[in-house]
Amino acid sequence: MLQTTLVADPHHHDADHVPSQSVFGFWVYLMTDCIVFASLFAVFAVMSHQFAGGPTGKDLFDIPGVALETAALLLSSITYGFAMLGAHKGKKGALLGWLLVTFLLGASFLVMELREFAHLIGEGAGPGRSAFLSSFFTLVATHGLHVTFGLIWMVVLAVQAIRAPALGERELRRLTCLSMFWHFLDVIWICVFTFVYLASVI
């Protein structure tokens with residue numbers, strides 16, 4: 001009997017620590033992503049005045065349009081918060097409904113960003129035109145790829161929530177990790193909007 005208890009207790013102890021280890025591991029991932037984006041911001045800062053005789057940010061950037069993109073992404077962060085509230089209350093319908101709204105806002109952000117890229121390239125201001133544009137496209141496109149990954153992740157979690165008989169600890173932990181990732185992307189975009197777009201037109 002004592003032997004059974006000794007064998008069972010370590011497993012139980014490990015199971016209790018799985019959630020904290022998962023969330024901690026995801027925080028570590030976010031910190032490495034911070035380093036990636038910090039490097040891209042540093043490159044842009046160095047290249048931001050290397051126009052090679054081409055157009056500047058003041059010539060190219062449509063601030064009202066970018067502000068609309070920003071509003072869509074920031075609003076999606078709020079709606080994801082509502083989704084998390086529904087998840088913690090065990091309301092699967094509220095969770096899925098707010099996830100859908102969040103997905104549509106995130107997708108709208110990507111569509112507007114792709115239209116901006118298409119317009120710039122159509123104007124002859126593609127990434128190969130100057131060091132300024134090359135660093136701009138690299139930074140903004142990297143953020144866009146992260147948003148795309150977040151949307152795919154959101155769909156996967158929605159499907160898992162639909163199939164799950166109830167919203168358990170595992171589902172909440174996964175939703176929490178995506179929540180941290182999504183809010184992180186909002187913070188990065190605020191930096192992009194401020195230091196890339198606004199600073200380039202002043």
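Helices are DSSP runs of H or I with at least four residues, and strands are runs of E with at least two, numbered from the N terminus. The model is predicted, so local features need pLDDT of at least 70 and side-chain atom pairs count only at pLDDT 80 or more, while totals for chains, interfaces and linings use all residues. Residues are numbered from 1 along each chain as its sequence is written, and side-chain values use heavy atoms, with hydrogens and water left out.

Residues 132-159 are 100% helix and 0% strand, with end C-alpha atoms 41 Å apart. Residues 66-87 are likewise 100% helix and 0% strand, and their end C-alpha atoms are 32 Å apart. Both spans are among those that the unreviewed UniProt entry annotates as "transmembrane region"; positions follow the numbering used here, feature names are shortened, and annotations may be inferred rather than shown by experiment.

L75, I78, F82, L85, W98 and V101 form a nonpolar surface patch of about 520 Å². Areas come from the Shrake-Rupley method with a 1.4 Å probe, and for residues only the protein chains shown count as cover. Helix 3 (63-88) and helix 4 (92-122) each supply at least two of the patch residues, and the largest share, four residues, comes from helix 3.

No disulfides (cysteine sulfur pairs within 2.5 Å) are present. For C34, the nearest cysteine sulfur is that of C191, 9.3 Å away.

How values were computed: Patch = residues over 30% accessible without salt bridge, like charges linked within 9 Å, V, L, I, M, F, W, Y side chains within 5 Å. Salt bridge = Lys/Arg side-chain N within 4 Å of Asp/Glu carboxyl O.
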